[in-house]
Amino acid sequence: PETDEPTRVLAALRMATSGDLNPGWFGHPGSTVIYPLALIYHLWVWINRLTSASSLPLELPATYNPALSEFYWLGRFLTISYGLISIPLVYQVGRQAFGRQVGLVGTLFAILPVLTVSHTQLIRTDSASTFFGLLSLYLCLKLNRQPSLANQLKTGLAIGLAIATKYLMAALIPILMLIDLSILTRHWPLTKARTSPLLLNFSSGLLAIFCGFALSTPYFFLDYSTALADITHEARNYHPGADGLTPPGNLWWYLTQAIPATFTWPLAVLVGLGVAIVLFKRQTPQLLLLSFVSIFLVGISLSALHWQRWIIQVVPMLALFAAHSLTQINGGLARYWQLRPLTQQGLLILLVGLCSAWPVEHLISYTLREARPSTRILAREWVLKNLPEGSKIAQEAYTAPLDDTSYITFNIFSLATSGHTLEAAYQHGFRYIIVSESIYSRYLAEPERYPAEVKLYQSLFAQGKLLQ
């Protein structure tokens, strides 16, 4: 399993085996992943017990165990399913805001980034929050077009579920309020007969958000101390490689590094051009999508940390902006060259192909790489084959999974933050250290901030004997 996956899987397994509906973890909070997983695990074990194929372990291990592999597969199938059902929603949102053509092209651009594909394949909240975010935006656009109490309630419930998946999706609440304000201005000036129904609808939508969150995440309130502790941990202000910037610096990093790295520079330029076109044309559905993206990016920039994966929830909207600008360019060229409709469509296909080539190449490379055993698995196989049983091994995060072996392991996030010197590690009987470039590169990239840490790694590389 990858980082963060055991948190969801073990919580769901604990719920499935004990019957206790408290997940005991509220970091994101991930309710739309953990609760469905618990139900799936319960049904899976019941089916397998009927066929005598397998059964749940009587005691759940604290860490990964090969006996739990099938439950990780089931978890990944769930998150992949969220990703798959998000695809038609990208098209529907794009069709409502921009039209059918932009919806189709934007959907293609949205499914190409390796960042989205890779995180959809993991038991995380990224694909689920993207799905509920798209569903909420689709219902928001529908509510803007067809104001009614029923649409208010549907939109509010969807937003509540999105927040129950990832707190950052609270950026959807201002969008609902903007729509309500738009509805209000359309009915202005108000009469007494209109005021009460409108206020009832608006308040019902906001109440539905709370109900959607509370019904899907009840233990957030029933176990508030744990929830507060988890949120405090997630809001920490220190993490090597992801801290050190101010809020404006974070926003600039997302705009100039995270988005181009996700889409490639040609598509990132199209995203920026699409935003400019939206601001120029000032169409309400398009402005609503841009408002959500803006509020979301500002929201994640207020954190002390910055991660590229935090933009996954707005990737579909950014893809639609890129598609919008490309179709506008295509239309302008068609008018300039006086192209026939069929030729214009052919030109659009050519432009889409050119813009997709680089992301497709990245996606193919990623797929070929993932089809082979990872370096973590190769390291595990080498250790099992070459190191004596019972050896004491200190290892960083993102290294060989050795929890179910005979080795005595000391698992740390970073050798530099373990609080031990190389001499102390040797005196405590450790003869082998496994480090990860995913960890030590963070310190080596900022030597002025981490002089002691860099010195420790340099000492290890200079004094230690590299075995493999």
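# A friendly tour of helices and loops

Student: Is serine 118 buried or exposed?

Tutor: Let's begin with its relative accessibility, which is 16% in this predicted model. The cut-off for a buried residue is under 20%. Serine 118 has 16%, so this residue counts as buried.

Student: Now to another serine. Is serine 31 buried or exposed?

Tutor: Serine 31 lies in helix H2, which covers residues 31-50. Leaving aside neighbours within four places in sequence, the contacts of serine 31 are Pro36, Ala164, Ser216 and Thr217. With a relative accessibility of 6%, serine 31 therefore counts as buried.

Student: Which two residues does a cis peptide bond join?

Tutor: Look at the loop between H1 and H2, where proline 29 is found. The omega angle of the cis bond is about 10°. The residues it joins are histidine 28 and proline 29.

Student: How do H1 and H3 lie relative to each other?

Tutor: Helix H1 takes in residues 5-18 and helix H3 residues 69-97, and their axes are 10 Å apart at an angle of about 105°. Angles of 65 to 115 degrees count as roughly perpendicular. H1 and H3 are therefore roughly perpendicular.

Student: How many charged residues does the contact of H1 with H3 have?

Tutor: H1 contributes Glu5, Pro6, Val9 and Leu13, while H3 contributes Phe71, Tyr72 and Arg76. Sorted by class, the contact has 5 nonpolar residues and no polar ones, and the number of charged residues is 2.

Student: What about H4 and H15: what is the distance between their axes?

Tutor: Two packed helices are described by the angle between their axes and by the distance between those axes. Helix H4 spans residues 100-111 and helix H15 residues 315-337. They pack at about 130°, and the distance between their axes is 8 Å.

Student: Which word describes how H4 and H15 are oriented to each other?

Tutor: The angle is about 130°. Angles over 145 would be roughly antiparallel, and 65 to 115 roughly perpendicular. H4 and H15 therefore count as oblique.

Student: How many nonpolar residues does the contact of H4 with H15 have?

Tutor: H4 passes H15 in a right-handed crossing. Among the residues that make the contact are Val102, Phe109 and Ala110 of H4 and Leu320, His324 and Leu326 of H15. The classes are no charged residues, 5 polar ones and, for nonpolar, 11.

Student: In which loop is arginine 282 found?

Tutor: Arginine 282 has a phi near 55°, a positive value in a residue other than glycine. At 63% relative accessibility it counts as exposed. Its loop runs between helices H13 and H14.

Student: Finally, is glutamine 338 buried or exposed?

Tutor: Glutamine 338 sits in the loop between H15 and H16, with phi near 55°. A residue counts as exposed when over 50%. Its relative accessibility is 71%, so glutamine 338 counts as exposed.

Technical notes: Residues numbered from 1 in each chain as written. Predicted model: local features only at pLDDT ≥ 70, side-chain atom pairs only at ≥ 80, totals over all residues. Heavy atoms only, no water. Axes fitted to C-alpha atoms, helices over the stretch in contact; angles between N-to-C directions. Helix = DSSP H or I, 4+ residues; strand = E, 2+ residues; numbered from the N terminus. Parallel < 35°, antiparallel > 145°, perpendicular 65-115°, else oblique. Left-handed = near helix turned anticlockwise from the far one by under 90°. Contact = heavy atoms within 4.5 Å. Nonpolar A, V, L, I, M, F, W, Y, C, P; charged D, E, K, R; others polar. Buried < 20%, exposed > 50% of the residue type's maximum accessible area, 1.4 Å probe, protein only.
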